[in-house]
Structure formats: structure tokens, C-alpha cells
Amino acid sequence: MIKVLIVDDQAMVRQGFGALLAAQPDLVVLGDAANGAEGVAAARRLDPDVVLMDVRMPVMDGLEATRRLAGAERPKVIILTTFDLDDYVYEALRAGASGFLLKDAPAADLIHAVRVVAGGEALLAPSVTRRLIAEFASRPRPDRPRPVSLNALTARETEVLRLIARGMSNQEIAELLVLAEQTVKTHVSRVLGKLGLRDRAQAVVLAYESGLVAAGE
């Protein structure tokens, strides 16, 4: 069973999402919280696999709450937002979120998102993934040094990381490089392990902020 915690300051959102997820045979909703501070406390007490985290909340916003939860292996955080290009979303990804989803996404997308993130993958809303990556590409961070850990990657692993940063799925990478999809999964796993990253979302951030991938690539 995948254990879920819902953190949102709107009671109707918490109740609606809770009912939807609880109706799935492989999901269980442990509880909910109305702000980031309550969410962090609940996550530490209940130990969920996935936290659905609203961005804008009183007392403590989703960004700070995500940052406080990101140090541990669990839980994985999915940021919920009304805006597809909200600055808070970028900062939440940098803080350790495993992805984000628009609040008005279809119910099936929400259920899929929880399962994907619980399984160790990253989740970026399909409708805005390319725009999100383009936005990262247009925001160089010259103050951030290139991680030495990038030197540990093989040429193939570096190539795979570049393709991840372009928003390509394992299947798309496999087709482009003429590799078996399982081989690509192995390369992705090694990339994340060598760089100390939790998932693909963090790989996208690192690739752009380190300068490995530049705007227009």
C-alpha cells in the first residue's frame, strides 16, 4: 500500500483529494494538514510515502515544508499548484520536491502521479514539462559551481543525463540511443546514485544549474 498525506489550506481540496485517493485499492490516506508546519509534523509522525503539498499556505508555505522534509529518503513530495509557471514551483524542486501537478489536472493524473512518485520516479505535469525545463534553461546560476561529482559519470551516463534534462522519458531515450529501455533505466539509476540525487526532477535541476545543459540545447 502507498501511504499518502495531503497538505492544503483548503478543506474542500483535502477532502476531495482524500476521497479520490482512498477509493483506490493500492492507496491509503493517512491524514491531512492545513498548513506546512502541520504537514511537516504530520509527516514525521505518520511516515507517509508521498506528500501532496500545496504551494501557498499560511503559517508555513509548501516551499519551506518541502525543504524540511527533503533530507530524508521518505516522504516524496508532489507540489500542487494552480499556476503552471509559479516561481514557488522552481524553488520547491530545488528544495527537493519530486515533481509537481496542477490542481485542475484530471483525477486519473493525480492517482498516476502518486503511484509514479512512490515508485521512485519524478513527476512533472506533462502539459508544462517542456516549458518548465525551458524556464530553468533561461535562468543560469553562475554563482553555483559545477559539481565535481559530474566527473564521475561515464560519457554514456552524461549523455543520458542531458536527455533527462531535455524532458525525455526512458522510452524516448532508449529509442534515440538505440538501447533497451532496461539499459536506460540502469544508466539513469547510476546517474542518480553517483550524483546523490533522489530522482529525475533533481537531475533536471542539476543539469541546468550546473551548466551541463544550456538554453537552446
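This is a predicted model: local features need pLDDT of at least 70, side-chain atom pairs count only at pLDDT 80 or more; totals for chains, interfaces and linings use all residues.
Visitor: Which are the buried residues of H10?
Guide: They are Arg200, Ala201, Gln202, Ala203, Val204, Val205, Leu206, Ala207, Tyr208 and Glu209.

Visitor: And what follows H10?
Guide: H10 is followed by Gly211, and the phi of Gly211 is positive, near 90°.

Visitor: Which residues is Asn170 in contact with, leaving aside its neighbours within four places in sequence?
Guide: With those neighbours set aside, Asn170 is in contact with Glu181, Val184, Lys185, Val188 and Arg200. Arg200 is also one of the buried residues of H10, while Asn170 itself lies in helix H8.

Visitor: Is Asn170 buried or exposed?
Guide: Asn170 is buried, since its relative accessible area is 9% and the cut-off for buried is under 20%.

Visitor: Where does Val178 lie?
Guide: Val178 lies in the loop that runs between helix H8 (170-177) and helix H9 (181-195). Its phi is near 55°, which is a positive value in a residue other than glycine.

Visitor: Buried or exposed, that Val178?
Guide: Val178 counts as exposed, because its relative accessibility is 73% and the cut-off for exposed is over 50%.

Visitor: What about Val59, what is its phi?
Guide: Val59 has a positive phi of about 70°, although Val59 is not a glycine. Val59 sits in the loop between strand E3 (50-54) and helix H3 (62-69), and with a relative accessible area of 73% it is exposed.

Visitor: Changing topic to the strands: how many residues of strand E1 are buried?
Guide: Five of the six residues of E1, which spans residues 2-7, are buried, so that the strand is mostly covered.

Visitor: Which way do E1 and E2 run, parallel or antiparallel, and how many bridges join them?
Guide: E1 and strand E2 (residues 27-33) run parallel and are joined by six bridges. Within that pairing, Val4 stands opposite Val29 in E2.

Visitor: How many bridges are there between E1 and E3?
Guide: E1 and E3 pair over four bridges, in the parallel sense, and here Val4 stands opposite Val50 in E3.

Visitor: What do E1, helix H1 and E2 make?
Guide: Taken with helix H1 (residues 11-22), the strands E1 and E2 make a right-handed β-α-β unit.

Visitor: At roughly what angle do the axes of H1 and H5 cross?
Guide: The axes of H1 and helix H5 (residues 107-118) come within 10 Å of each other and cross at roughly 70°. That angle makes H1 roughly perpendicular to H5, and H1 passes H5 in a right-handed crossing.

Visitor: Which residues in H1 and H5 meet?
Guide: On the H1 side they are Phe17, Leu20 and Leu21, and these meet Ala107, Leu110, Ile111 and Val114 in H5. As background, residues three or four places apart in an α-helix point the same way, because the helix has 3.6 residues a turn.

Visitor: Stepping back, how many helices and strands are in the chain?
Guide: The chain has ten helices and six strands, and of its 217 residues 51% count as buried.

Visitor: What percentage of the contacts with a separation of 6 or more is between residues 24 or more positions apart?
Guide: Among the contacts in the chain with a separation of 6 or more, residues 24 or more positions apart account for 70%.

Technical notes:
Residues are numbered from 1 along each chain as its sequence is written. Side-chain values use heavy atoms; hydrogens and water are left out. Helices (H or I, at least four residues) and strands (E, at least two) are DSSP runs, numbered from the N terminus. Buried means under 20% relative accessible area, exposed over 50%, partly exposed in between (1.4 Å probe, protein chains only). Two strands pair if DSSP finds at least two bridges between them. A crossover is right-handed if, with the strands pointing away from the viewer, the path from the first strand over the helix to the second runs clockwise. Axes are lines fitted to C-alpha atoms, for helices over the stretch in contact, and angles run from 0 to 180 degrees between N-to-C directions. Angles under 35 degrees count as roughly parallel, over 145 as roughly antiparallel, 65 to 115 as roughly perpendicular and the rest as oblique. A crossing is left-handed if the near helix is turned anticlockwise from the far one by less than a right angle, and right-handed if clockwise. Contact means heavy atoms within 4.5 Å.
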